[in-house]
Amino acid sequence: MADTQELIARINALALRSNRSKSTLSRLLFGNGKRIDEIEAGGSITLTTYQRAAEALAELEQTAAASAHAPHSSRYPEGRTAFPHKHLLGTSGLAPHEIMFLLDEAEQWVELNRQSHKRDNRLAGLTIINAFFENSTRTLLSFEIAGKRLGADVVNMHAAQSSVKKGETLIDTALTLNAMRSDAIVIRHGSSGAVRLIADKVDCPVLNAGDGQHEHPTQGLLDALTIRRALRARGVTEPFSGLKVVICGDVLHSRVARSNVHCLTTLGADVRVCAPPALMPAGIEQLKVTAFHDFDAALEGADLVMMLRLQNERMQGSFVPSPAEYRHLYGLTPERLKRAAPDALVMHPGPMNRGVEIDSIIADLPERSLITTQVEMGVAMRMACLDVLTRQARGVEGWQ
Ligand code: CP
């Protein structure tokens, strides 16, 4: 017989500790915001429902316990001061508590996205435009799913089918999107700085979905969320402090590398970047990282290895002699991974070139590869960003 009284007591205690309403917890645990009231009033539940709820509750309790032990830098002020930015253009310049706030906000969406009913209507009535001037699978789809799961109307503008092809300027395109009274604009563009240019011209929040080789902030944030959850699951309460991270590949052209470097160093990680000399940006040490050209040396004792793709579309001329030669020096192979810590984790933002920067056997390693988890966390993190950045316009208490 399921002990629903004990379950209800734990849910009530968690509601107090985690500052979440009982109806939110009820929705996360039972897929119905009123179910907990019905159970408290004497309603019964099946053993399967009880077991699923108890399992999900244990995970929420674990997350709440880890947050309670978070270091001082991760505590944040209330309301709008928790994240005072109008736009999300980069992870550069975000304070540790602002990053931690977004990670904590994303946790509830990880839970919701694991339910069969994945819906919260807080953005109902809002219009979000995804304007992508470059190809994307993960970022575009996850922003679209994120907006829809929060109840917004989401419209995708593909540059290839737009009036950009008829010579319309970026600024005129931005003014057009603004005139349509969108409530948030998500932009991917091939030129570094293009997203800021648009942000300066429109009234609503702008989210950078990747601009040239500059920044891809939601990727940095979703990677941090992935890392935190993986290490918390191993019992680590301060996951970023002193974490030895290696970021290897085409650092020169990688906005993912930049956003991760800013995010991870801000949170206290020890970041090493590794690339062939031609693919290492000049002055990279100013970003508080250690630069390596020898991948084997960079990997020594690493806790986490993040691999990057060769961004051939941004290269003029050939930066590496051949894919085979690149793999020989910079590919993550089983032999090479042995140089890292015994249980080192592996990440890749995608899209991957299997057999070039990463061997398939590593990319698919259970327990060690976080690559599909990164995609899952992408939806949750983008839900958090859309929710937080539209709070002021929605008049959410404490955010006006
Ligand atoms: N990681 C990433 O930005 O992937 P997409 O290019 O598929 O969006």
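This is a predicted model: local features need pLDDT of at least 70, side-chain atom pairs count only at pLDDT 80 or more; totals for chains, interfaces and linings use all residues.
**Entry 1: the ligand**

I started with Gln 219, where an N or O atom in the side chain sits 3.1 Å from a nitrogen atom of the ligand. I am counting a polar contact as a pair of N or O atoms within 3.5 Å; within protein, one must be able to donate a hydrogen and the other to accept it, and residues adjacent in sequence count only if both atoms are side-chain atoms. His 216 has a side-chain N or O atom 2.9 Å from an oxygen atom of the ligand. Arg 138 uses its backbone: a polar atom there is 3.0 Å from a ligand oxygen.

How much of the ligand's accessible area does the protein cover? I get 91% of the 250 Å² that the ligand has on its own. Such areas come from the Shrake-Rupley method with a 1.4 Å probe, and for residues only the protein chains shown count as cover.

Residues are numbered from 1 along each chain as its sequence is written, and side-chain values use heavy atoms, with hydrogens and water left out.

**Entry 2: the shell**

Next I listed the residues around the ligand: Ser 136, Thr 137, Arg 138, Thr 139, Arg 188, His 216, Gln 219, Pro 349 and Gly 350. To be near, a residue needs one of its heavy atoms within 4 Å of the molecule. Sorted by class, the shell holds 1 nonpolar, 6 polar and 2 charged residues. In this scheme Ala, Val, Leu, Ile, Met, Phe, Trp, Tyr, Cys and Pro are nonpolar, Asp, Glu, Lys and Arg are charged, and the others, Gly among them, are polar.

**Entry 3: cysteines**

How many disulfides does the structure hold? I found 0, taking a disulfide as a pair of cysteine sulfur atoms within 2.5 Å. For Cys 204, the nearest cysteine sulfur is that of Cys 385, 15 Å away. Cys 204 is buried at 5% relative accessible area; buried means under 20%, exposed over 50%, partly exposed in between (1.4 Å probe, protein chains only).

**Entry 4: salt bridges**

Side chains of opposite charge can pair when their charged atoms come close. My search of the whole structure gave 24 salt bridges, each a side-chain nitrogen of Lys or Arg within 4 Å of a carboxyl oxygen of Asp or Glu.

I looked at Glu 61 and Arg 10, whose closest N and O atoms are 2.9 Å apart. Glu 61 is in helix H4 (residues 47-68) and Arg 10 in helix H1 (residues 4-18), so this pair ties together parts 51 residues apart in sequence. Helices (H or I, at least four residues) are DSSP runs, numbered from the N terminus. Arg 10 is partly exposed at 22%.

Glu 59 pairs with Arg 229 at 3.0 Å between the closest N and O atoms. Glu 59 lies in H4 and Arg 229 in H9 (residues 217-233), so parts 170 residues apart in sequence are tied together. Glu 59 is partly exposed at 28%, whereas Arg 229 is buried at 15%.

Arg 336 and Asp 296 form a salt bridge too, with the closest N and O atoms 2.9 Å apart. Arg 336 sits in H13 (residues 334-337) and Asp 296 in H11 (residues 295-299), 40 residues apart.

Last, I noted one network: salt bridges that share partners join Arg 27, Glu 105, Asp 120, Arg 122, Asp 387, Arg 391 and Arg 394.

Definitions and conventions. Helices (H or I, at least four residues) and strands (E, at least two) are DSSP runs, numbered from the N terminus.
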